[in-house]
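Here are a few notes to read alongside the model. Keep the 3D view open and find each piece as you go.

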Amino acid sequence: TSQRQYNFILVSRPEPSVVLVTLNRPKALNALSSPLFQELNQALEEADKDDTVGAMVLTGSEKAFAAGADIKEMKDKQCKFSNVFKNKFLENWGEIASLRKPVIAAVSGFALGGGCELALMCDIILASPTAKFGQPEINLGVIPGGGGSQRLAQVIGKSRTMEMVLTGRMVSAQEAANWGIVSRVVADGEGEVVKEAVAMAKDIASKSQIAVQAGKEVVNAAYELNLAEGLRLERRLFHGLFATNDQKEGMSAFSEKRKPNFTHT
Ligand code: CAA
């Protein structure tokens with residue numbers, strides 16, 4: 001997407017329609033410092049605006065997706081409410097959730113604290129068998145601050161969320177799959193989870209982008225609206241898609257037994 005130089009992330013195009021963002025602070029297990037998060041937001045927002053991109057993949061290293069917010073940065077916050085409040089600490093983390101295009105998290109190794117929360121902000125999570133999810137903030141004398149308590153409760157329910165938030169216990173990839181935190185655990189092997197995520201992103205990017213983005217919008221609405229409002233929004237967006245060329249093309253192609261050629265219009 002960009003020729004921009006980043007210090008804490010790598011941005012690449014494994015497929016013409018897919019942007020891959022790799023968190024790149026290996027020595028700190030990809031701890032999510034403020035400058036790293038700024039770069040991440042910038043790279044994803046640029047990909048979101050780029051018409052040639054259909055979906056994004058976010059990953060870390062084999063050892064760590066991300067081991068949390070940067071504790072060394074936080075410990076210097078001088079125990080001051082006024083400091084973190086005035087600086088809107090972590091407020092820009094929410095920007096990822098407002099992207100239009102799907103973001104797939106490819107998680108290997110530790111996804112802890114803010115790392116777990118970052119994965120939960122993505123639309124789909126694929127896990128390698130080495131993935132470990134946890135909210136260990138309780139061991140640091142704090143609680144999750146990047147949405148973990150709310151997003152986990154929506155996904156895995158109260159008892160499991162309470163266990164994770166109050167004990168800080170790490171959950172294995174298999175357990176995360178059983179609980180519905182991740183959509184699936186991929187086969188063993190270095191790079192496998194990124195390969196699978198890129199293939200999935202490429203597949204999604206081959207669909208009508210308007211339909212994909214509308215699909216993402218209505219699924220997310222299920223977490224914000226009540227059922228009646230959610231159903232109405234879904235129906236209206238569904239109706240709206242009948243005003244697109246991609247709907248005509250998709251249904252004609254099916255009838256003519258050929259592949260659709262979506263123009264995203
Ligand atoms: N912040 C800053 N640095 C971190 C870090 C973090 N979250 N996690 C790991 N690192 C650093 C370590 O300090 C260490 O640096 P040095 O080599 O300079 O000492 C380096 O990464 C490697 O880590 P370890 O030596 O600890 O590696 P390990 O394999 O022995 O242990 C681990 C791995 C269990 C993940 C351990 O690093 C760990 O417990 N990390 C902290 C996890 C955590 O508490 N995360 C929550 C952060 S709070 C948060 O995220 C708030 C929020 O909700 C937004």
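1. Start with β3 (residues 55-59) and β5 (residues 103-107): these two strands run parallel to each other and are joined by four bridges. Remember as you look that this is a predicted model.

2. Six strands make up an open sheet with mixed pairing, and the order across it is β1-β2-β3-β5-β7-β10. Which strands stand at the edges? They are β1 (9-15) and β10 (184-185); each has a single partner strand, so one side of each has no neighbour in the sheet. A helix packs on this sheet too: α8 (residues 192-205) touches β1, β2 (18-23), β3, β5 and β7 (124-127). The direction of α8 makes about 165° with that of β3.

3. Back to β3 for a moment: is it mostly covered or mostly open? Mostly covered, with five of its five residues buried. A handy rule to keep in mind is that side chains in a regular strand alternate between the two faces of the sheet. In β3, A55, V57 and T59 point one way, M56 and L58 point the other way, and all are buried.

4. There is another open sheet to find, made of four strands in the order β4-β6-β8-β9, again with mixed pairing. Its edge strands are β4 (64-66) and β9 (171-172), each pairing on one side only. β4 and β6 run parallel and are joined by two bridges, and the bridge partner of A66 in β6 is A111. Helix α4 packs on this sheet, touching β4, β6 and β8 (132-134), and its direction is at about 90° to that of β6.

5. Next, the ligand. How many residues surround the ligand? There are 22, and the closest are A31, A67, G68, G113 and G114. The elements giving two or more residues to this shell are α2 (71-75), β6 (110-112) and α4 (114-121). Sorted by class, the shell holds 12 nonpolar, six polar and four charged residues.

6. Why does G146 count as buried? Because 24 other C-beta atoms lie within 10 Å, and 20 or more is enough to count. Setting aside neighbours within four places in sequence, G146 is in contact with L90, W93, G114 and E117. G146 and E91 are 55 residues apart in sequence, yet their C-alpha atoms are 8.3 Å apart in space.

7. Last, a helix pair. Packed helices are described by the angle and the distance between their axes. For α9 (residues 209-221) and α10 (residues 227-241), the axes come within 9 Å and cross at roughly 170°, so α9 and α10 are roughly antiparallel to each other. On the α9 side, the contact uses I210, A211, A214, E217, V218 and A221; they meet G230, L233, E234, L237 and L241 in α10. The residues of this contact divide into eight nonpolar, one polar and two charged.

Conventions
Residues numbered from 1 in each chain as written. Predicted model: local features only at pLDDT ≥ 70, side-chain atom pairs only at ≥ 80, totals over all residues. Pairing = 2+ DSSP bridges. Contact = placed C-beta atoms within 7 Å. Axes fitted to C-alpha atoms, helices over the stretch in contact; angles between N-to-C directions. Parallel < 35°, antiparallel > 145°, perpendicular 65-115°, else oblique. Nonpolar A, V, L, I, M, F, W, Y, C, P; charged D, E, K, R; others polar. Near = placed C-beta within 6 Å. Buried ≥ 20, exposed ≤ 12 C-beta atoms within 10 Å, placed from the backbone.
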